[in-house]
Amino acid sequence: MGDLQWTHLIDICGDVVTKRYIDGKEGGAEREWRALTLLAEHAPGLAPAPIAFDGGVVMSRVDGVPLRGMAAAAVHAGALVEAVSTMHAAVPRAVLDQVPVRPWQVGMLGRQVRQWCESWLATRADREGGAVAGDQGDRAAVSAQADRAVGEGLRWLDSWRPGEVGVTPAFGAGDGNLANFLWDGTRVRILDFEDSGRSDRAFELAELAEHVSMWVDGEVNVLRHAELSSAEAARLRECRRLQALTWLFLLSGEGPRNPPGTFARQVERVLARLEG
């Protein structure tokens, strides 16, 4: 059977899954295949096993319940971090160095967020009176707070120099959506590697912690289970600011995928990150 999943078509036949990309995302299928192949060799069982690559990705079916939507998702936060940490450290450094950098790494994401911030502030007048949440008074308050968050975010970007301090090379999945993590009754297993590649641990954990799915239906605190050096912790704090700003813009449309008021909550999260 086929099921349209935003960027790809999924066909399931027994224990075999075929994933074919339909949105033209450059390199997505190749990244997925590379990830499954690397993890099958260095962390078998953590992800679907690769079967064939023919422009689409043919892989084994993984049993389990997605953590997103699971009432007890927070209970499995430790197992989730264990799975992610295993993935991060699985690929030997000599092999990892040959893996392409994942899309939307720190530099690229920082440049995009800066563009969004500048565009947001330049078009502030056009948004006045726009529906972002609740009644007119609420809309005005949220809009003002959003402008403040964007302005402070832009000032922070002007002063931020990411550098290499706190960078621990890691293989990253590139997507922190809780729906990509399955609880199989014993452990958490990982799906969806179309944005995977070489990354760093602090950046990957920041993306995981700030993903909207980690808090919109109830907080899933993954970071309390992660052991970090002081340098990693400092980089994580900065990367969380970048990821929070990213989600500010991704959620600004208040689409149907999340509950009403999600954007207002994200504004509060951005301000908290920038002030923390």
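This is a predicted model: local features need pLDDT of at least 70, side-chain atom pairs count only at pLDDT 80 or more; totals for chains, interfaces and linings use all residues.
Residues are numbered from 1 along each chain as its sequence is written, and side-chain values rest on heavy atoms, with hydrogens and water left out.

The protein contains nine helices and ten strands, where helices (H or I, at least four residues) and strands (E, at least two) are DSSP runs numbered from the N terminus. The C-alpha trace spans about 55 × 45 × 35 Å along its principal axes. The radius of gyration, taken over C-alpha atoms, is 19 Å, which agrees with the value near 19 Å for a compact globule of 276 residues, the globule rule being 2.2 Å times the number of residues to the power 0.38.

Of the 276 residues, 49% count as buried, a term that means under 20% relative accessible area, with exposed meaning over 50% and partly exposed in between (1.4 Å probe, protein chains only).

The structure holds zero disulfides, a disulfide being a pair of cysteine sulfur atoms within 2.5 Å. The sulfur of C239 lies 16 Å from the closest cysteine sulfur, in C117, which is too far for a bond. C239 is buried, with a relative accessible area of 0%, whereas C13 is exposed, with a relative accessible area of 60%.
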